[in-house]
Structure formats: structure tokens, C-alpha cells
Amino acid sequence: MTDFTLSDLENIVAVRAKVAPDESWTAKLVAAGQRKAAKKLGEEAVETVIAAISDDRKNLVDESADLLYHLMVVLNIAAVPLQDVMDELARRTSQSGLQEKANRQNP
């Protein structure tokens with residue numbers, strides 16, 4: 001068991017985003033811009049879905065890791081801290097998903 005967290009990943013992405021693009025895949029993605037990073041995130045999302053419906057546990061784990069990494073890159077480029085996402089998740093989980101969706105329809 002590891003104590004590695006998404007916050008750790010966020011910090012690693014932030015550090016690697018600042019090096020030369022020829023030294024880091026993260027820096028290369030950041031230099032290419034949000035459009036390229038978001039496209040890569042979408043590709044990883046599709047690969048994660050395929051792994052999930054294929055009942056391929058190992059590939060699902062691998063693709064999920066890729067998906068989370070690329071999400072951290074996209075958030076980094078957009079200057080959106082992971083904490084903002086976590087705060088939104090906390091807000092949403094303070095009620096059931098069904099109630100949250102119903103409240104969206106009745107502002």
C-alpha cells in the first residue's frame with residue numbers, strides 16, 4: 001500500500017511543467033497547450049472506458065492512472081487547483097446524487 005495521493009501527483013505535474021519540453025512529457029504537453037492536453041485526456045478517457053467494458057482489470061488500472069495524470073496536466077494548464085475539484089466533490093456528496101440532480105433542475 002502506498003501513501004501516494006492526487007495532491008502528490010498535482011505537485012509532480014507542477015514541477016515537471018516548468019522544465020524544458022525536451023526533458024519531460026509533462027512539459028511537452030504544457031508547451032503544446034490546452035487543446036493538445038485536453039485531446040490527450042479525451043483519448044485516455046476512451047481507453048479507460050474500453051478497459052472497463054473489456055473486464056481487463058490490469059489495463060483498467062493502467063488507463064485510469066493515465067487518465068488521472070492527464071487530468072492533472074489539464075488542470076495545471078488551466079490554473080485550476082485540485083482543491084477546487086475536491087471542494088466541489090465535497091459539496092456534491094453532502095446530498096444524494098438524485099437530490100443533487102433534482103436541485104439542478106429546480107434552481
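**View 1. Leu41 and the residues it touches.** Not counting residues up to four places away in sequence, Leu41 touches Leu67, His70, Leu71 and Val74, where contact means heavy atoms within 4.5 Å. The model shown is predicted, so that local features need pLDDT of at least 70 and side-chain atom pairs count only at pLDDT 80 or more, while totals for chains, interfaces and linings use all residues. Residues are numbered from 1 along each chain as its sequence is written, and side-chain values use heavy atoms, with hydrogens and water left out.

**View 2. The largest nonpolar core.** This core has 11 residues, namely Leu9, Val13, Leu29, Ala37, Leu41, Tyr69, Met72, Val73, Val74, Leu75 and Leu82. Two or more of its residues come from each of helix 1 (6–16), helix 3 and helix 4 (57–77), and helix 4 provides the largest share, 5 residues. A nonpolar core is a set of buried Ala, Val, Leu, Ile, Met, Phe, Trp, Tyr and Cys residues joined through side-chain atoms within 4.5 Å; buried means under 20% relative accessible area, exposed over 50% and partly exposed in between (1.4 Å probe, protein chains only). Helices (H or I, at least four residues) and strands (E, at least two) are DSSP runs, numbered from the N terminus.

**View 3. Glu44 in helix 3.** Glu44 lies in helix 3, which spans residues 34–53, and is buried, with a relative accessible area of 4%. Apart from its neighbours within four places in sequence, Glu44 is in contact with Glu63, Asp66, Leu67 and His70.

**View 4. Thr26 in helix 2.** Thr26 belongs to helix 2, residues 25–32, and is buried at a relative accessible area of 3%. Setting aside neighbours within four places in sequence, Thr26 is in contact with Val13, Arg16, Ala17, Tyr69 and Val73.
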